[in-house]
Amino acid sequence: MKKYKIEKTEEEWKKELSPEQYRVLREKGTEAPHTGKYNLHFDKGEYKCAACGEKLFESNSKFESGCGWPSFDDAIEGKVEYIQDRTFGMIRTEILCATCGSHLGHVFDDGPTETGQRYCVNSASIEFNK
């Protein structure tokens, strides 16, 4: 089991996170498309992990993908961990907060910018700071 800079018991996470945040961040859940508060949010600032507060994405990397979840074309270097995900009969790349191991979403190689990446992130897994 990997050790993270921030580690808490599941009971501690349950006390600190909303039920929806816990379901997404700690149980690897997914929000329904087009329901998250940051899907169509384009203010300037930074997006951080809702579990531990680590800065993950800058607003200048966010774009409208039409997929129904907040999408970014890049993460802040070293802040996101990449894990092969073979659930639901697919092979995808899961993205986790590298500081606390919380589930953020998945990254795909179909982004429209020069990075070619689309980080598909659950709104429940991030918080925004102007």
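Predicted model: local features only at pLDDT ≥ 70, side-chain atom pairs only at ≥ 80, totals over all residues.
Colleague: What makes S7 and S8 a pair, and in which sense do they pair?

Modeller: S7 and S8 are joined by four bridges and pair in the antiparallel sense. Strands count as paired if DSSP finds at least two bridges between them, so four bridges meet the rule. Residues are numbered from 1 along each chain as its sequence is written, and side-chain values use heavy atoms, leaving out hydrogens and water.

Colleague: How do you know that S4 and S8 pair as well?

Modeller: S4 (residues 71-72) and S8 (residues 118-121) share two bridges and run antiparallel, so the count just meets the limit of at least two. Phe72 has Tyr119 of S8 as its bridge partner. Both are strands in the DSSP sense (E runs of at least two residues, numbered from the N terminus; helices are H or I runs of at least four).

Colleague: Which strands stand at the edges, and why do we call them that?

Modeller: The open sheet has six strands in the order S3-S4-S8-S7-S6-S5, paired antiparallel. S3 (62-63) and S5 (80-85) each have a single partner strand, so one side of each lacks a neighbour in the sheet. Strands of a sheet pair through backbone hydrogen bonds, either parallel or antiparallel.

Colleague: Why is Ser61 called buried?

Modeller: Buried means under 20% relative accessible area, exposed over 50%, and partly exposed in between, using a 1.4 Å probe and protein chains only. Ser61 has 8%, so it counts as buried. Ser61 lies in the loop between S2 (55-58) and S3. In S8, Arg118 and Cys120 point one way and Tyr119 and Val121 the other, and all are buried too.

Colleague: Are Lys28 and His34 buried, partly exposed or exposed?

Modeller: Lys28 has 45%, so it is partly exposed, whereas His34 has 54%, so it is exposed. Both lie in the loop between H2 (19-25) and S1 (46-49). Neither is a glycine, yet phi is positive, about 60° for Lys28 and about 65° for His34.

Colleague: How do the lining residues of the second largest pocket divide?

Modeller: The lining holds one nonpolar, four polar and four charged residues. Asp, Glu, Lys and Arg count as charged; Ala, Val, Leu, Ile, Met, Phe, Trp, Tyr, Cys and Pro as nonpolar; the others, Gly among them, as polar. Lys28, Asp85 and Phe88 are among the lining residues.

Terms used
1 Å grid on protein atoms, 1.4 Å probe; cavity = no way out; pocket = protein on both sides within 12 Å on 5 of 7 lines; lining within 4 Å.
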